[in-house]
Amino acid sequence: MIPTNRAQQDVSTSAHDRVYRALRARIMYGEMAPGEALTLRGIGKEFDVSMTPARESVRRLVAEGALFLSTSGRVSTPELSNERLEELAALRALIEVELASRALPRAHMALIERLVAINNTVSEAVARRDAVGYIRANLEFHRTLYLRAQAPAMLAMAETVWLQLGPTMRALYGRLRRTEPPTQHRLIIAALKAGDEPGLRLAVRSDVTQGLRLLAS
């Protein structure tokens, strides 16, 4: 039976979505270094897709700021200037502090216990010096809290910032040579338990900006 145009389109869309999601996760969780190059041919070979879904995935990630397209057509992960780092740190402080504040009224014990468990995973990744595991668990900690804010548009904005920062966060981890989990996570959990909104806002702001500003200094 000859596939219809609609069926062909569905297959192409499915391939594009699969490649896009895989590359997006790879970038967000720091599996790629700043300035690392990609080619459409390489993407197509790795994911066993044609050039069309590879090109569409790259186009979408370029639009989100996760990839950089040079005037010569070279595609790479972004290498962020100090000014750009400061801007993204300021965005994290604005968006994520507000998300945490909105989540506080819904921060019941089950959420707090989940955050404690995730923070233990963060600690284990730090002990193993597992940069990717650390970044993944750290973002899971924040996402789990922010989901309780019930502000999907705001959370989507936060995730776009995380996506742009992924490779740089990997570089930051290597530079800091972290041996202890973030102390601010414990302060976030304590503030949630106490219903302390000013303390929560301060702990989140410190957590999301401290490392980035060290890198930009």
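Predicted model: local features only at pLDDT ≥ 70, side-chain atom pairs only at ≥ 80, totals over all residues.
Three strands form an open sheet, and their order is β1-β3-β2. The pairing within this sheet is antiparallel. Strands β1 (37-38) and β2 (68-69) stand at the edges; each has a single partner strand, so one side of each is left without a neighbour in the sheet.

The pairing of β1 with strand β3 (residues 75-76) is antiparallel and runs over two bridges. Leu38 stands opposite Val75 in β3.

## Helices α5 and α8

Two packed helices are described by the angle between their axes and the distance between the axes. For helix α5 (residues 109-128) and helix α8 (residues 183-194), the axes come within 10 Å and cross at roughly 170 degrees. An angle over 145 degrees counts as roughly antiparallel, and α5 and α8 are therefore roughly antiparallel to each other.

On the α5 side, the contact is made by Met109, Ile112, Leu115, Val116, Asn119 and Val122. On the α8 side, His185, Arg186, Ile189, Leu192 and Lys193 take part. The residues of this contact between α5 and α8 comprise seven nonpolar, two polar and two charged.

## Helices α4 and α6

Helix α4 (residues 82-103) packs with helix α6 (residues 131-147) at an angle of about 50 degrees, and their axes are 7 Å apart. The two helices α4 and α6 are therefore oblique to each other.

Here Arg92, Glu96, Leu99, Ala100 and Ala103 in α4 meet His142, Leu145 and Tyr146 in α6. By residue class, the contact of α4 with α6 divides into five nonpolar, one polar and two charged.

## Aromatic rings

A search of the whole structure finds one aromatic pair. An aromatic ring also takes part in an arrangement with a charged group: the charged end of Arg60 sits over the ring of Tyr20, at 3.7 Å from the centre of that ring.

Conventions: Residues numbered from 1 in each chain as written. Heavy atoms only, no water. Axes fitted to C-alpha atoms, helices over the stretch in contact; angles between N-to-C directions. Helix = DSSP H or I, 4+ residues; strand = E, 2+ residues; numbered from the N terminus. Parallel < 35°, antiparallel > 145°, perpendicular 65-115°, else oblique. Contact = heavy atoms within 4.5 Å. Nonpolar A, V, L, I, M, F, W, Y, C, P; charged D, E, K, R; others polar. Phe/Tyr/Trp six-rings, centres within 6.5 Å; stacked < 30°, edge-to-face > 60°. Lys NZ or Arg CZ within 6 Å of the ring centre and 35° of its normal. Pairing = 2+ DSSP bridges.
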